[in-house]
Amino acid sequence: MTGGLPFLDAVPFVDLGAQQAEIVDEVLPVWRAQLESAAFMGGPEVDAFEREFADYLGVRHVIGVSNGTDALELAYRAVGIGTGDEVIVPANTFIATAEAVSRIGAVPVFVDVDDDHLLLDPDAVAAAITPRTRAIVPVHLFGQTAPMEQIASIARAHDLVVIEDAAQAQGAASAAGRAGALSRVAATSFYPGKNLGAAGDAGAVMTDDAALAARVRTLGAHGSAVKYVHDVVGVNARLDAVQAVVLRAKLRRLDGWNAMRRAAAARYAAMLTGLDGVRLPAVRPGNDDVWHLFVVRVDDRDRVAAVLAAAGVGTGIHYPTPVPFTAAYASLGYRRGQFPVAEAAAGRILSLPMFPHLSEAQQEQVVGALAGALRRTTERIAS
Ligand SMILES: *Cc1c(COP(=O)(O)O)cnc(C)c1O
């Protein structure tokens, strides 16, 4: 025997099993009724979810759609972004924020994030504005809201539209309101692993503007507000009725689950404080963070992640390559050094297990394994 560890269960990066168990009795009878009536497109569950999520966020209109990427594309198109327009997006985000810009013939212009929170940096935004800039897309990354007040004032000064990517922040809030209710139009994703997740792909567009909401709905239904009358070339991006059932059940529990994430984040902070070699995530003042991810920064990250994996602890990296340096965007010609914060962070960020039902015992196991991995980093550097 090497090592004296007692047998411990693996700690997965994400475990949604307990969430599904809480909703299964509520969902199955409605799914059965949907199957029996073949009511799959639109209908009362979709309408009810859209209304309930709008009330939850404090916006007038929610349009349920097929996924978060389509939600972004529809939001961009609905405000009139098109061929050749420039849209400012953060370098550290999931590629979908930029991908949806490219899909409508516009050009993503990547800017750096701030070192404390890895959120869109307002100074970098201001420096990237050109006569072709049409919009700014702050991403509420990892579960906390981007600095919307500063971004809004830059947008006002240059007559630009702000469009939130709220995919990682269902329930997050700043003093001004909830993520998804802080800009002219916002997009979110209900990918299963998000704080509010469906049983497959789903997403939504949010706005207070009735005309904009109608445009999103039309664009997402083959450019048609009236059946077989097609006003524009749209796409098919509707929310499935079966997903609305799951989303309604989970929305009722979202605040409770976010509170559990917050408690888990506080436990991590207490356990990790004083552990040399770990930089903890910071919460922006006034932010109500919903901890979609708990992202620490460590040296020699890939080796630390491998040691954790060997100890049965799942981790993630969000994201290993700044989007401008992915092969998909090589043609834009960005050079190393243009995003000092995002580039440095990409090599050090490590997302620890985080989900509502993560237990204190599981976290102790994570922190124990992390402490062991860091000790070995220190020893290697010393030897
Ligand atoms: C998940 C995510 C998206 C895309 O959502 P999909 O539903 O997977 O298309 C967009 N932006 C961010 C920041 C995300 O995390």
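Predicted model: local features only at pLDDT ≥ 70, side-chain atom pairs only at ≥ 80, totals over all residues.
The side chain of K194 has an N or O atom that is 2.7 Å from an oxygen atom of the ligand, and the side chain of D165 places an N or O atom 2.7 Å from a nitrogen atom of the ligand. Taken alone, the ligand exposes 380 Å², of which the protein buries 93%, with accessible areas coming from the Shrake-Rupley method with a 1.4 Å probe.

The ligand is surrounded by 13 residues, and the closest of these are G68, T69, D165, S189 and K194; a residue is near a molecule if one of its heavy atoms lies within 4 Å of it.

## The largest pocket

The largest pocket has a volume of about 510 Å³. A pocket is found on a 1 Å grid over the protein atoms alone, as an open set of points where a 1.4 Å probe fits, with protein on both sides within 12 Å along at least five of seven lines, and its lining residues have an atom within 4 Å of a point. The volume is the space filled by probe spheres set on the points, which are joined across faces, edges and corners.

There are 26 lining residues, and F94, S189, Y191, K194 and Y319 are the closest to the centre of this pocket. The lining comprises twelve nonpolar, ten polar and four charged residues, with Asp, Glu, Lys and Arg counted as charged, Ala, Val, Leu, Ile, Met, Phe, Trp, Tyr, Cys and Pro as nonpolar, and the others, Gly among them, as polar. Helix α3 gives the most to the lining, with three residues; helices are DSSP runs of H or I with at least four residues, and strands are runs of E with at least two, numbered from the N terminus. Because domain 1 (19-251) and domain 2 (254-382) both give residues to the lining, the largest pocket lies between them, the domain bounds coming from an automatic or database domain assignment.

## The second largest pocket

The second largest pocket, with a volume of about 360 Å³, is lined by 20 residues, and G42, R217, G220, A221 and R238 lie nearest its centre. At least two lining residues each come from α2 (44-57), β1 (61-65) and α7 (210-219), and α7 provides the largest share, four residues.

## Notes on the model

Residues are numbered from 1 along each chain as its sequence is written, and side-chain values use heavy atoms, with hydrogens and water left out. Local features need pLDDT of at least 70 and side-chain atom pairs count only at pLDDT 80 or more, whereas totals for chains, interfaces and linings use all residues.

How values were computed: Polar contact = N/O pair within 3.5 Å; in protein donor to acceptor, adjacent residues only side chain to side chain.
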